[in-house]
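Please look over the structure shown here, and then read the notes that follow with it in view.

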Amino acid sequence: EVERSSKHIVVEGPPTDVALLMQGMSPSNEEYYPTVVISKLLKILKDPSLAAYHSSCIQTIVLIFKTITITCIKFTGSIIEAIISVMHTCPPSMLEFYFQQISALISIVKQHIRPFLPEVFDTIKEYFHLANLQVTIISLIESIAKALDGEFKTHIPSVLPLLLDALGNDKTT
């Protein structure tokens, strides 16, 4: 139903995303609304001027993944890419939060993280030298190991040197 007045047009009914409609996905499709929401959240994450909202966006995305995992798995790569991108521009105090969110996401999507592990491991290597992040990053590595189960052994050669360096450089008693 459309109501016209001299100042504006009001359209009642669910909002629609024209690009999705053109792909044959309508609001009656089960994946429509999650697709719209995640697409809009990704758009916020890609906008540096909206950095104040990035942590809230990522928390929301992880919550959506927890709620409707199967529908969201196709977005895993885009989400991982967006989080890593945000990590490169965020204040250092936020890095721990973003590593925790990647870990939570991996715990949800499990083995579906496989194709995106090179980027995750590159990020781990990039930040592992920061002593204040090592415990969080080791927790992330543990999430990866649990998600991959026996397949994790192929990643041990890239993780082991980091862990050995951390032990070798540890000056605490």
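**Briefing on the predicted model**

Ile 68 is found in the loop that lies between helix α3, residues 54–67, and helix α4, residues 69–72. The model in which this residue is placed is a predicted one, and the points below are grouped by topic.

- Although Ile 68 and Glu 31 are 37 residues apart in sequence, their C-alpha atoms are 9.8 Å apart in space.

**Helices α2 and α5**

- The axes of helix α2, which covers residues 32–45, and helix α5, which covers residues 76–87, come within 10 Å of each other and cross at roughly 20°.
- Since angles under 35 degrees count as roughly parallel, α2 and α5 are therefore roughly parallel to each other.
- The crossing in which α2 passes α5 is left-handed.
- On the α2 side the contact is made by Ile 38, Leu 42 and Leu 45, while on the α5 side it is made by Ser 78, Ile 79, Ala 82 and Val 86.
- Sorted by class, the residues of this contact between α2 and α5 comprise 6 nonpolar and 1 polar, with no charged residue.

**Helices α6 and α7**

- Helix α6, residues 95–109, packs with helix α7, residues 117–127, at an angle of about 150°, and their axes are 13 Å apart.
- Because angles over 145 degrees count as roughly antiparallel, this angle makes α6 roughly antiparallel to α7.
- Here, too, there is a handedness to note, for α6 passes α7 in a left-handed crossing.
- The residues Leu 95, Phe 99, Ile 102 and Ile 106 of α6 meet Val 120, Thr 123, Ile 124 and Tyr 127 of α7.
- In the contact of α6 with α7 there are 7 nonpolar residues and 1 polar residue, and none that is charged.

**The protein as a whole**

- The secondary structure consists of 9 helices and 2 strands, and, read from the N terminus, the elements follow the order β-β-α-α-α-α-α-α-α-α-α.
- Of the 173 residues in the protein, 39% are buried.

Technical notes: Residues are numbered from 1 along each chain as its sequence is written. This is a predicted model: local features need pLDDT of at least 70, side-chain atom pairs count only at pLDDT 80 or more; totals for chains, interfaces and linings use all residues. Side-chain values use heavy atoms; hydrogens and water are left out. Axes are lines fitted to C-alpha atoms, for helices over the stretch in contact, and angles run from 0 to 180 degrees between N-to-C directions. Helices (H or I, at least four residues) and strands (E, at least two) are DSSP runs, numbered from the N terminus. Angles under 35 degrees count as roughly parallel, over 145 as roughly antiparallel, 65 to 115 as roughly perpendicular and the rest as oblique. A crossing is left-handed if the near helix is turned anticlockwise from the far one by less than a right angle, and right-handed if clockwise. Contact means heavy atoms within 4.5 Å. Ala, Val, Leu, Ile, Met, Phe, Trp, Tyr, Cys and Pro count as nonpolar, Asp, Glu, Lys and Arg as charged, and the others, Gly among them, as polar. Buried means under 20% relative accessible area, exposed over 50%, partly exposed in between (1.4 Å probe, protein chains only).
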